[in-house]
Amino acid sequence: MKKLKKINYAACWPYLAVVLFAAYLAYRQMRTGNSIIGSDTIFHFNRFYETEEQIRNGNLSWFMTLYVFNQSGRVINALYGPAFAYLNGLLLLAVGTWYRYQIITSFLVFAVGGVGMYRAVHRFKVRDSIAVLVTIIYMTIGWLPRWQSGSNFTGIGAALMPYGILVACDMFYDKEKRSQSTGSS
């Protein structure tokens with residue numbers, strides 16, 4: 001039998017701290033027991049409800065709306081990303097209520113954005129404690145919390161932005177990867 005790799009607990013604590021903080025931020029809404037209706041909630045929840053109903057009824061149309069927006073056939077999800085809408089429709093179908101959907105997506109947005117920001121800050125060789133502090137600040141200030149407070153799609157972009165920073169760092173600072181991609185030594 002192969003030996004299992006030894007777990008490096010020192011490397012795991014920052015991720016655990018970020019995930020626990022994301023759970024705390026989602027728990028704050030859980031304590032209220034209410035859904036939050038913000039500036040973009042009705043629009044995006046209509047998009048996701050549309051895909052949830054399409055999946056439930058087996059009547060898929062990624063291009064036009066069949067169940068929401070007064071069944072007007074508007075072209076919404078085709079412009080805003082049908083794959084992401086169907087992913088959210090599946091999640092909504094699985095959890096059953098808007099309240100649970102908001103709790104889960106809030107946690108996911110905070111966790112994905114927090115882990116990404118920790119990795120991005122850590123890439124610049126910052127101490128773990130400082131990297132976690134910067135990450136917690138990022139998770140509480142700016143666009144990332146906008147998903148929880150108002151279903152504003154900039155929160156999703158803010159959750160994915162640190163991964164863009166990681167790619168940019170690889171492009172600019174990792175000479176070995178850059179030379180492999182160009183075929184030069």
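Student: Before we start, what do buried, exposed and partly exposed mean here?

Tutor: Buried means under 20% relative accessible area, exposed means over 50%, and partly exposed lies in between, with a 1.4 Å probe and protein chains only. This is a predicted model, in which local features need pLDDT of at least 70, side-chain atom pairs count only at pLDDT 80 or more, and totals for chains, interfaces and linings use all residues. Residues are numbered from 1 along each chain as its sequence is written, and side-chain values use heavy atoms, leaving out hydrogens and water.

Student: Is Phe 84 buried, exposed or partly exposed?

Tutor: Phe 84 counts as partly exposed, at 29% relative accessibility.

Student: And Phe 153?

Tutor: Phe 153 is partly exposed as well, with a relative accessible area of 23%. Phe 84 and Phe 153 form an edge-to-face aromatic pair, 5.5 Å centre to centre with 80 degrees between the planes. Rings of Phe, Tyr and Trp (its six-membered ring) pair if their centres lie within 6.5 Å; planes under 30 degrees apart count as stacked, over 60 as edge-to-face and the rest as tilted.

Student: Which ring cluster includes them?

Tutor: Ring pairs join Phe 84 and Phe 153 with Phe 45, Phe 48, Trp 98, Tyr 101 and Trp 147 in a cluster.

Student: How many aromatic pairs does the structure hold?

Tutor: There are 11 aromatic pairs. One of them is Tyr 15 with Tyr 118, whose ring centres are 5.0 Å apart and whose planes stand at 80 degrees, so this pair is edge-to-face. Tyr 15 lies in helix H1 and Tyr 118 in helix H5, so the pair ties together parts 103 residues apart in sequence. Helices here are DSSP runs (H or I, at least four residues), as strands are (E, at least two), numbered from the N terminus. Tyr 15 is partly exposed at 31%, whereas Tyr 118 is buried at 2%.

Student: New topic: which residues touch the most other members of the largest nonpolar core?

Tutor: Among them are Phe 48, Tyr 101, Leu 144 and Trp 147, in a core of 26 residues. Such a core is a set of buried Ala, Val, Leu, Ile, Met, Phe, Trp, Tyr and Cys residues joined through side-chain atoms within 4.5 Å. H5 gives the most to this core, with eight residues.

Student: What does Leu 144 touch?

Tutor: Not counting residues up to four places away in sequence, Leu 144 touches residues including Val 109, Phe 110 and Ala 158, where contact means heavy atoms within 4.5 Å.

Student: Where is Glu 52 found?

Tutor: Glu 52 is in helix H2 and counts as buried, at 3% relative accessibility. Beyond four places away in sequence, Glu 52 touches Gly 89, Leu 92 and Leu 93.
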